[in-house]
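Please keep the sequence and the structure in view while reading.

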Amino acid sequence: MTASTQTRTTCPYCGVGCGVIVEQAVDGDVSVKGDPDHPANFGRLCSKGSALGDTLSLEGRLLSPRVDGVDATWDIALGRVADGLGAVIEEHGADAVALYGSGQLLTEDYYVANKLMKGFIGTANMDTNSRLCMASSVAGHKRAFGSDTVPGTYEDLELADLVVLVGSNFAWCHPVLFQRLQAAQSRRGTRIVVIDPRRTVTAEAADIHLPLKPGSDVALFNGLLAHLHARGAVDETYVTAHTSGAAAALDAACAMSPYDIAAATGIEPITLQHFYALFETTDKVVTVYSQGVNQSTAGTDKVNAIINCHLLTGRIGKPGMGPFSITGQPNAMGGREVGGLANQLAAHMSLDNETDRDRVARFWNAPAVAQKPGLKAVDLFRAIDRGEVKAVWIMATNPAASLPEADLVRAALEKCPLVIVSDVTDQTRTAKCADILLPAAGWAEKDGTVTNSERRISRQRRFVPPAGIAQPDWWIMSQVAQRMGFNGFDYASPADIFREHAALSGYENGGTRDFDISAHDAVTDEAFDALEPFQWPAPRGREASGGRFFAQGGFFTPDRRAAFVSTPYRPPASKPDADLPLALNTGRVRDQWHTMTRTGLAPKLSAHFAEPYVELHPQDAAGAGIEPADLVEVTSRHGRIIVRALITDRQQPGNIFVPMHWTDPFATCAHPDALVTGHVDPVSGQPELKHTPVSASRFNAGWYAFVVSAQKPDPGDAAYWSLARTNTGWRGECAGSGHLLTSRPHMLRLMGLGPQADDDFLELGDHATGDYRIAVVRHGRLLGAVVASSTPVAAARGWLAGQVGHEIAGPMRHRVLAARSGADEPDRGAIICACHQVGFNQISEAVQAGARSVDAIGACLNAGTNCGSCRAEIKRIVELANVKQAV
């Protein structure tokens, strides 16, 4: 018998870039574990990474090309793409076509896309969903450093004495790095400050939480800059030798008094001074920032306000010191390296620079290098709506759900003459707008490289064959390029592309550009297959690679000095008013990813939060007449959504939070970016996703239902529905106006079931209250059940979902109808630990039995012992239970 095989590859989720080991058993089963030798994670994985083996199903996969809704061969589909693009270019010019990519693409895919669009088609109308993620950080880096350079490394988190987390729910969005930070906190007493309007699980693990008003980060860091200068905490030697513009930046920072800053941020002056003094007196400081900084109309200024503080103190590029941008996608950095954004050229060169354009044109032997920056994401889709862009190719992303004004984006795509979508699925809102669908190879099926947030390049390795006749994105684009008559796209493998990418990085460089991996420009196919993770820069002729930047200056500006940037405080572009009195913030939750095309396949990842929700402060909920578990209609000037109410004082009054993930095919009318206004940062073009004026009101449903089934439920035209996978099928929530039809055929349809003559129906109804329950038993096993009511349904949801497929007899039949477990089979409650499927009730019972700490809970239940991203929630439950016991 053949032994199991192991493949070392890289996790496809956040920008931490964790190494994973995939083991395939003889029977085809796949298991995933962390790679103990990978320097990003040293064997750790988060809940999402741990569940990768559960996401390899072919359900929902696009298996062959599709042209005008009909399956086609690759030859026909590629011909249609090439002919369609060529016709648009001939009639309307190169700027009438566009490409919109993704941080999910591998570097080699990105490289070919950039070369095709900016070098041969001749337009820079190529942007990516990284515009929604890290564009403000890119712009801030370039303004300060002259290059898009992350100065530090992950090790700095473990060497710092103070780590400031700004606009980052680190525990949920980058849990492996958060575990490294918490280990340092335990080992050496690292202080953690969290700056975030919400009291997140990250904030609850911090030494200090500064709950600033949304959008006021510039005021806070300007105040810090002024404080550092006033207290003499200035590295005069560094500032004099290696920077310029400090005086003007200080003038802007000092324009606000401490009381003005307190008013702008909502933080008491004494609390601000405490933080400022801590920063002042701690030499080793790392400031980590993410989407709360970037996704703002002042995002670039926020980045520079942070960088200014590190430049003034000389705390940059040294062990345990520096500003640190943490990316949200697995290859957002790789995309930046090859010029994935509309204002970039390959290898960190710029479209604005004539020398760079000439250099790239000569290297590529390109006939039509773009001469100006292209349209950035929001402007690009507005140009599609206006009819100026007539053909768009979208790869590995879902802009009809994820871009601001998402419903308008979908409407623009629906009227665009030519929409090409390369993806693994045909189920997204974007794919449904496509004229041509191209089946792309998925994570497990692709070979290439990705770059993580600390500039570390890792291999992604294929370990299963492509689904159907899917192909890698680089191959698809190369074939189209050749059909359009372009030379230079005859790549045989990702290694060919990587070698060319590495060679371009060193071409006419000589240390004048930060990105250089030319040490690998002659790597053999065998060496590429075995390539170990390495950090750039790695120029030809230098033995070591990686390290930190800027400790001794050496910036990439024309004068080789870092630039202080004046950052006057500007409030958010849109403000709540009488009609729209709340500010909407959007973001991620712990166990889901983007629009759930991958994570939605793993049952354990839907156990923590199984449906879309809105966090409201009790004060705002009471003012709108919203009770816990009500459905809430959230409305802006651009759209409306319906989500479940989660009332909590972790949210500030006047502010609400809705996760970004739920959309088709997992929910209807729940994607928050339909609400978001397309205001963008004037420098980076990154949209404001953290501060949209909205209203919230109770959705007056006539009926509510909870459904479990062995098959995918069919909610029909219910005004609200959401679906989630379980280990034995599906669970769902739905609600609508009027009265719920309770006929057996309708109930079977709701459960997604077809009738059989020997079905056994269990039914219970009360017409006076509107309560109704039905269960379908087939061959003695539960096939599905519906619990309906005129008010939000009370049920042991996890327990009932777990009964599907099991024998139902005797007292169990009554329990199923009651949707309640018995004393001999306790309900776990809402899942807290996704890795080990441990619920709230189990943790509470363990505390009552004497487990009075997070570690004690881990010892008796295993909760929190894998990825650790649930430990803050466990701590909250333990503390609450301890308080109750003390009372």
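Is F550 buried or exposed? In this predicted model, F550 has a relative accessible area of 3%. Buried means under 20% relative accessible area, so F550 counts as buried.

## Aromatic pairs

Across the whole structure, a search finds 24 aromatic pairs. One of them joins W443 and F463 in an edge-to-face arrangement, with 5.3 Å from centre to centre and 75 degrees between the planes. W443 belongs to the loop between β16 (436-439) and β17 (448-451), and F463 to the loop between β18 (456-460) and α21 (473-483), so this pair ties together parts that are 20 residues apart in sequence. W443 and F463 are both buried.

F550 and F555 form a pair of another geometry: the ring centres are 4.3 Å apart and the planes are at 20 degrees. Planes under 30 degrees apart count as stacked, so the pair of F550 and F555 is stacked. F555 is buried, at a relative accessible area of 0%. Both F550 and F555 belong to a cluster linked by ring pairs, together with F145, F515, W536, F549 and F556.

## Packing of α9 and α12

Two packed helices are described by the angle between their axes and the distance between those axes. For helix α9 (residues 217-230) and helix α12 (residues 258-265), the angle is about 155 degrees and the axes are 9 Å apart. Angles over 145 degrees count as roughly antiparallel, so α9 is roughly antiparallel to α12.

The crossing of α9 and α12 is left-handed. On the α9 side, the residues that meet α12 are A219, L220 and G223; their counterparts in α12 are I261, A264 and T265.

Q291 is placed in helix α14 (residues 291-294). Its relative accessibility is 13%, so Q291 counts as buried.

What does Q291 contact, leaving aside its neighbours within four places in sequence? The contacts are L132, C133, M134, G167, G328, Q686 and K690.

Terms used. Residues are numbered from 1 along each chain as its sequence is written. This is a predicted model: local features need pLDDT of at least 70, side-chain atom pairs count only at pLDDT 80 or more; totals for chains, interfaces and linings use all residues. Side-chain values use heavy atoms; hydrogens and water are left out. Rings of Phe, Tyr and Trp (its six-membered ring) pair if their centres lie within 6.5 Å; planes under 30 degrees apart count as stacked, over 60 as edge-to-face and the rest as tilted. Helices (H or I, at least four residues) and strands (E, at least two) are DSSP runs, numbered from the N terminus. Buried means under 20% relative accessible area, exposed over 50%, partly exposed in between (1.4 Å probe, protein chains only). Axes are lines fitted to C-alpha atoms, for helices over the stretch in contact, and angles run from 0 to 180 degrees between N-to-C directions. Angles under 35 degrees count as roughly parallel, over 145 as roughly antiparallel, 65 to 115 as roughly perpendicular and the rest as oblique. A crossing is left-handed if the near helix is turned anticlockwise from the far one by less than a right angle, and right-handed if clockwise. Contact means heavy atoms within 4.5 Å.
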